[in-house]
Amino acid sequence: MTADIPGQHGMRRIGLFGGTFDPIHYGHLAAAWHVRQRLGLDAVWLVVANDPWQKRGGRVITPAATRLGWVRASVDGVDGLEASAIEIDSGGASYTIDTLTTLRAAHPDTAGRVVVGADTAPALDTWPRAEELRSMVEIVVVNRPTTQGVEVPAGWRHRHVPIPALDLSSTELRSLSAEGLSLRFLTPEPVALDIETSAVFS
Ligand code: ATP
Ligand code: MG
């Protein structure tokens, strides 16, 4: 593991990796794992959005508790990856700025970075209270096969962490599942089995 962030003394170094995770897949897990390794973070938290404001008004989103259950099952026993219910516990719309503020109040010993995929990074200025967030965090951008390069709007402190990115998306998994196909080997086994049994995307 290469610890290339000096980190404030005694602080727990966390990466906040937010998403809808509907469902979680190995693309998310590989990204989280490689960010943790490359930056020598203590943990990467997969923060499950309660009410993903960017995705409102489209398809029906799977209940947050179910999505959280999938993330929990995926990281069970994995050292350094954790499922976070912080946004679900807060309720309402899920804004990263609120999540970060809650986190810092509850754990003052935590230095948090926000991890996003290359498809998400260009829209950072559209996030609620973007200016405030911009002044608080460093953004960690991971490459994604569907997006060319890594682009971050001006003014954000950021770094690109290169990962062996997998060409997977939740959209593709939902559509495979809707066709009646199993999601084995695209997401951890318990998640694939649960989706098959519950037929949630059928
Ligand atoms: P959907 O297709 O429903 O949008 P998704 O696969 O993009 O799902 P999200 O929950 O929207 O998953 O994404 C959460 C975060 O994970 C975002 O920052 C996104 O850029 C990142 N991400 C998702 N899939 C990958 C991947 N294969 N490689 C790298 N980053 C990813
Ligand atoms: Mg997405």
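I began with leucine 186, which touches His25, Tyr26, Leu168, Leu173 and Leu176, leaving out residues up to four places away in sequence; contact here means heavy atoms within 4.5 Å. I then checked where leucine 186 sits: it is in the loop between H6 and helix H7 (189-198). Helices (H or I, at least four residues) and strands (E, at least two) are DSSP runs numbered from the N terminus.

A note on what I am looking at. This is a predicted model, where local features need pLDDT of at least 70 and side-chain atom pairs count only at pLDDT 80 or more, while totals for chains, interfaces and linings use all residues. Residues are numbered from 1 along each chain as its sequence is written, chains are lettered from A and ligands numbered from 1 in the order in which they are written, and side-chain values use heavy atoms, without hydrogens and water.

Next I looked up confidence: pLDDT is the predictor's confidence in each residue, from 0 to 100. The chain has a mean pLDDT of 93, and 96% of its residues reach 70 or more. Residues 1-7 have pLDDT below 50, and this stretch has 20 contacts in the model beyond near neighbours in sequence.

On to ligand 1. Of the 22 residues around ligand 1 (a heavy atom within 4 Å), Lys55, Asp119, Leu166, Ser170 and Thr171 come nearest. Strand S1 (12-19), helix H1 (26-39), strand S4 (110-117) and helix H6 (170-178) each give at least two residues to the shell.

I listed some polar contacts, meaning pairs of N or O atoms within 3.5 Å. For threonine 171, a polar side-chain atom is 2.4 Å from an oxygen atom of ligand 1. For arginine 144, a polar side-chain atom is 2.9 Å from an oxygen atom of the ligand. Leucine 166 has a polar backbone atom 2.8 Å from a nitrogen atom of ligand 1.

Last, I checked the backbone. Aspartate 22 and proline 23 are joined by a cis peptide bond, with omega about 0 degrees, and proline 23 is in the loop between S1 and H1.

Conventions
A polar contact is a pair of N or O atoms within 3.5 Å; within protein, one must be able to donate a hydrogen and the other to accept it, and residues adjacent in sequence count only if both atoms are side-chain atoms.
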